[in-house]
Amino acid sequence: MKGKKFFAAGAGAAMAFTLAACSGGGAGSDPDPTGPDEQGAVTEDMSVGVAMPTQTSERWIADGEAVESGLTELGYEVDLQFANDDIPTQSQQIDQMITNGVDALIIAAIDGTALNSQLEAAAAANIPVVSYDRLILDSENVDFYVTFDNYNVGVQQATSLLVGLGLLNQDGSEGDAEGPFNVELFAGSPDDNNATFFWNGAMDTLQPYMDEGTLTVPSGQTDFEQAAILRWQQETAQRRMEDVLTSTYVGTDLEIDGVLSPYDGLSRGIITALESNGYDGTVEEGFPVVTGQDAEIASVKLIADGVQYSTIFKDTRKLAAQAVTATEAFLAGEEPEANDTETYDNGVKVVPSYLLESDIVYQDNIQELLVDSGYWTAEEVESGTAE
């Protein structure tokens with residue numbers, strides 16, 4: 001699977017921390033790559049529970065396997081569980097990890113508000129909790145958060161939409177297009193704290209163009225609640241796009257010029273709906289500009305083919321390495337290094353965080369960002385499937 005390629009045999013712990021260093025250091029920065037055994041810490045009997053939300057997205061499979069591999073290379077036992085987007089399942093999995101006596105927890109929550117009792121039990125057992133990519137809300141028992149700069153991810157998504165429409169150039173300078181352009185807006189799952197950050201970053205970027213009339217939203221659906229797609233489901237996004245087309249565009253002279261999509265799975269559903277309603281060809285030939293996120297291989301191929309316009313590359317190898325680094329710091333009795341102590345208020349406390357940077361992927365930089373970095377191979381991009 002993809003995650004095994006991230007931490008291939010022979011790369012070892014040094015790989016994990018090299019990746020962390022690439023992102024600017026981080027928790028327990030510059031540790032001894034020989035691992036904690038040679039630094040005096042005991043790992044033989046230490047275990048880490050890793051709770052991931054689903055296996056329906058290749059991204060989460062990769063994250064889970066990368067975290068597992070990084071921890072295993074350091075000598076920890078790892079209990080990796082996927083909950084298939086079912087909240088009770090994830091709650092039970094974490095309960096069982098605590099019962100089994102794990103020494104630390106890394107949790108990518110399905111619903112950031114649904115784990116209070118589990119985190120209380122973890123705190124009572126002195127088990128540190130690292131919130132992974134999705135902030136766990138309404139609990140004082142979240143010890144650390146590793147993620148990307150999620151507001152900036154939203155800015156990048158909106159920026160790529162503006163570039164695709166010709167209103168901006170890739171270097172940020174003003175483009176030649178004048179508009180007006182018809183766009184529709186999609187948001188992520190309302191139970192995922194990141195979805196709001198993505199939305200706010202995107203809307204703050206797009207709003208001036210909407211205010212001046214350069215961008216219009218013919219459906220009128222400009223609120224987060226109207227645009228949100230529960231559980232980030234591709235089928236739900238496809239149905240909503242079909243409904244918007246039927247209610248607003250079919251039987252009129254209106255055409256969609258672009259769609260703000262916050263995730264590649266949603267993007268593929270949106271593209272399917274557009275193609276089923278008479279939109280065809282490539283962006284260069286007039287297909288609507290559709291954004292995305294996560295650089296999933298099926299969408300990277302669509303970008304290479306000129307159908308999807310862009311995605312946001314969040315190098316999950318670095319995120320996994322940062323989670324491993326933070327966890328090892330806790331298990332060594334230290335405080336992980338944070339680079340943000342102000343942004344991520346979970347409703348009870350501001351959670352110390354380490355934020356990583358992301359990149360916009362266009363057709364012309366797939367090679368540089370994804371292939372040259374070893375994230376995907378040229379063969380995988382060509383086939384649209386992970387090897």
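Where is the place of arginine 231? Arginine 231 sits in the loop between helix H8 (224-227) and H9; helices (H or I, at least four residues) and strands (E, at least two) are DSSP runs, numbered from the N terminus.

Good morning, colleagues. The structure before you is a predicted model, in which local features need pLDDT of at least 70, side-chain atom pairs count only at pLDDT 80 or more, and totals for chains, interfaces and linings use all residues. Residues are numbered from 1 along each chain as its sequence is written, and side-chain values use heavy atoms, with hydrogens and water left out.

Let me stay with the backbone for a moment. Most residues other than glycine have a negative phi, and most peptide bonds are trans. Arginine 231, however, has a positive phi near 60 degrees. Its relative accessibility is 22%, which counts as partly exposed; buried means under 20% relative accessible area, exposed over 50%, and partly exposed in between (1.4 Å probe, protein chains only). Asparagine 84 likewise has a positive phi, of about 50 degrees, although it is not a glycine. This asparagine belongs to the loop between strand S2 (77-82) and helix H4 (87-99), and asparagine 84 is partly exposed at 47%. Finally, glycine 179 and proline 180 are joined by a cis peptide bond, with omega about 0 degrees. Proline 180 is found in the loop between helix H6 (150-165) and S6.

Four strands, in the order S7-S6-S8-S9, make up an open sheet with parallel pairing; two strands pair if DSSP finds at least two bridges between them. At the edges are strand S7 (215-216) and strand S9 (289-290), each of which pairs on one side only. Strand S6 (residues 181-185) pairs with S7 over two bridges, and asparagine 182 has threonine 216 in S7 as its bridge partner.

Which residues line the second largest cavity? Among them are Gln157, Phe186, Phe198, Trp199 and Pro262. Here a cavity is a set of points, on a 1 Å grid over the protein atoms alone, where a 1.4 Å probe fits but cannot get out, and lining residues have an atom within 4 Å of a point. The volume of this second largest cavity is about 30 Å³, a volume being the space filled by probe spheres set on the points, which are joined across faces, edges and corners. Helix H7 (residues 193-211) gives the most to its lining, with four residues. Thank you.

Technical notes
1 Å grid on protein atoms, 1.4 Å probe; cavity = no way out; pocket = protein on both sides within 12 Å on 5 of 7 lines; lining within 4 Å.
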